[in-house]
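Open the model in your viewer and keep the selection panel handy. This tour goes from one selection to the next and tells you what to look for at each stop.

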Amino acid sequence: MSPTEPKTPTPASVEGPAGPAGQRSPKRGPGRGSSLTQNTMPWWIGPVVLAAAAVLGAALSSLITFSLALWFIFTAVLYVLISYVITRLRVNRRKATDGFWRNLVYLAFIIALLPLVSVIWSVTSVGLPGLLEPGFFASDMQGIDGSIDQQSQEEGTPVLGGIRHALIGSLLITIAATLISVPIGLMTSIYLVEYSRGGTLARAITFFVDVMTGIPSIVAGLFGGAAMAWFLSVGSSMGLPLPSRSTMGITAAIALSVLMIPVVVRTTEEMLRVVPNELREASYALGVRKWRTILKVVIPTAISGIAAGVTLAIARVIGETAPILVTAGFVVSTNWNLVQGWMTALPVYIFRQFQNPTSPNFSDPSHQRAWAAALVLILIVMLLNLTARIIAKVFAPKKTGR
Amino acid sequence: MSKHIETRDLNVYYGEFLAVEGVNISIAARSVTAFIGPSGCGKTTFLRTLNRMHEVLPGARVEGELLLDGENIYGTGVDPVTVRSMVGMVFQRPNPFPTMSIRENVLAGYKLNGARMSKSQADDVVEEALMGANLWNEVKERLDKPGSGLSGGQQQRLCIARTIAVKPDVILMDEPCSALDPISTLAIEDLIHELKQEYTVVIVTHNMQQAARVSEKTAFFNIAGTGKPGKMIEYDETATIFNNPNNEQTERYVSGKFG
């Protein structure tokens, strides 16, 4: 027995999942003084294996028919297998299994990311030309007819028409929906967290909020239209000067708020629940009333989460198509008035440009506008998500001040 | 400024569960009283009834009378918020408001209630309260930094400053040193000695040496078994409780034979 060998069996020296200890001791050269060291792999082995796998994968896939997808699959499989075998031979089984699963997790992550990257890439590459068209943001579709589109497709004149009306419609409708949903949703969650004490009413509210989360958006749209039509008929029978048609921006906002309220309730409820009870009690102990405690202690402590949740709820409804189509309709001109006349939103605009191109036989300009509008929509949603993060960061309680 | 406390047959419930039974105690003004006893015997529960914090929990209620200078705080028509502004409380874990600076934390009792005060008035209140909590010299340079950036002991003294800033009559302390190191504990104990000049202080503690060091009178609470109500076994001068208790349970507890 060499002096480096452990005298008594320790958990590390007996045979374990890492393999028998005896296998390692012969490799232990004179340069390795410590009994804790084992074979390690040089840092460059990973990139080299990846390069080899890429080359082999390219060769294998060109044997069938070369395509990027096939190349990716072969490379991934080869890389995982080769690095497992090398680690198994050079180090030990435990390290090899560890590396194997780690590679699988990375692979799953890459696969999960692929659709997102691909969506962003395709929308950007197809939509960018339309976006850079002069006047795309500044003009609406008024006066754009089939002959203009035919001319730009056949003779290469600039594609006219833009998304001004849709952008304004989307923003107005979403802001109105937010103004309706946030107070209702926030107050509901305040009731649930601060006042309900787990009673029957609270459980009923939680149940119905859960049901509301699952309402198909088209149903919310139909509800919004029907509710507004009923309201208008009741109002006009009382002699109020109301518009006769229920198709207008505010109806769409009501329909969207049906979708938005449950999201707001859920997120703000979570945020209010994580506010420590100690802070409420500290406030009560200072002789502060409950509503002031909620207003000045609980909500400020949770404000970052609440703001982020609201922003994400906005991002969720700004892409809705069906409820806006059935409640606010579709027009080609800009409408600033939420309570009068039809209104276009961005998703509806995209839908219409694809489904009913301005010139049925020369649809390229319409498709270009649709893709550019889709790019704008994605950018808005990304911007909202970014805003949510910034808000969460800015309003977060200050952790340290040392 | 300071008021005496007297309870008459006070029963404390969590829903139907009787947690503390039949407490009769008389706490003098301008004194320090310690509550000791094994875990779960109802010391903290009883302490929380002294400023009506107990009923914040769902289903919690109190029977009996609790007189603050002769006025029953559980009488009909008494607003618990008024009681709490007279009886301040310091909690086991330091809990400064994380959204507020040190200065705002001290002023929380005024600011949260929407009181208007000039800047010089506010400065006076902040300085006086922080001086009173022995914290002024440590934080006077960084009053606008968040309170959560202080050390645990400083945070606890900030919470005491916040409590004395609203000038209560009674200060309740629920194991104020259990999360602190010996040096911070010493600072708080010194502070309790000073607070006694102006306030009635009631402190719950698990540390018998601490009770012996800071208090003039000590109440021993005990529980007969799980599910049984806690009771006040003995209430006397601290020296008597620790050296020559009348009750056998008290003697066994303070000599470390159980609990």
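Start with the largest nonpolar core, a group of 138 residues. A nonpolar core here is a set of buried Ala, Val, Leu, Ile, Met, Phe, Trp, Tyr and Cys residues joined through C-beta atoms within 7 Å. A residue is buried if 20 or more other C-beta atoms lie within 10 Å of its own, exposed if 12 or fewer, and partly exposed in between, with C-beta atoms placed from the backbone. Select A:Ile173, A:Leu346, A:Ala373 and B:Ala161, the members with the most contacts inside this core. Then color helix H8 (residues 249–273) of chain A, which supplies the largest share of the core, 15 residues. Helices (H or I, at least four residues) and strands (E, at least two) are DSSP runs, numbered from the N terminus.

A word on what you are looking at: this is a predicted model, in which local features need pLDDT of at least 70, side-chain atom pairs count only at pLDDT 80 or more, and totals for chains, interfaces and linings use all residues. Residues are numbered from 1 along each chain as its sequence is written, while chains are lettered from A and ligands numbered from 1 in the order in which they are written.

Stay with A:Ala373 for a moment. Leaving aside residues up to four places away in sequence, A:Ala373 touches A:Ile163, A:Ala166, A:Leu346, A:Tyr349 and A:Ile350; two residues are in contact if their C-beta atoms, placed from the backbone, lie within 7 Å. A second, separate core has five residues, among them A:Val49, A:Ala53, A:Ala76 and A:Val80.

**Chain A as a whole**

How many helices and strands does chain A have? There are 13 helices and zero strands. Of the 402 residues, 33% count as buried. Among contacts in chain A between residues at least 6 apart in sequence, 76% join residues at least 24 apart.

Next, select some annotated spans. An unreviewed UniProt entry places "transmembrane region" features on chain A, including residues 167–193 and 244–265. UniProt positions are given in the numbering used here, feature names are shortened, and annotations may be inferred rather than shown by experiment. Residues 167–193 of chain A are 100% helix and 0% strand, with end C-alpha atoms 37 Å apart. Residues 244–265 of chain A are 77% helix and 0% strand, and their end C-alpha atoms are 33 Å apart. The unreviewed entry also places "domain: ABC transmembrane type-1" at residues 167–388 of chain A. Over that span the chain is 76% helix and 0% strand, and the end C-alpha atoms are 21 Å apart.

**Where the chains meet**

Bring chain B back. The contact takes 27 residues from chain B and 23 residues from chain A. On the chain B side, helix H2 (80–86), S7 and helix H4 (108–111) each supply at least two residues, and H2(B) gives the most, with three residues. The chain B side divides into 12 nonpolar, 10 polar and five charged residues. In this count, Ala, Val, Leu, Ile, Met, Phe, Trp, Tyr, Cys and Pro are nonpolar, Asp, Glu, Lys and Arg are charged, and the others, Gly among them, are polar.

**Strand S7 of chain B**

Zoom in on S7 (residues 87–90) of chain B. B:Val87 and B:Met89 point one way, B:Gly88 and B:Val90 the other, and all are buried. S7(B) runs parallel to strand S8 (residues 170–174) of chain B, joined by four bridges; two strands pair if DSSP finds at least two bridges between them. Look across from B:Val90 to find B:Met173 in S8(B).

**Last stop: B:Lys196**

Select B:Lys196, in the loop between helix H8 (182–195) and strand S9 (200–204) of chain B. Is B:Lys196 buried or partly exposed? B:Lys196 counts as partly exposed because it has 18 C-beta neighbours inside 10 Å. Among its contacts is B:Arg30, whose phi is near 55 degrees, a positive value in a residue other than glycine.
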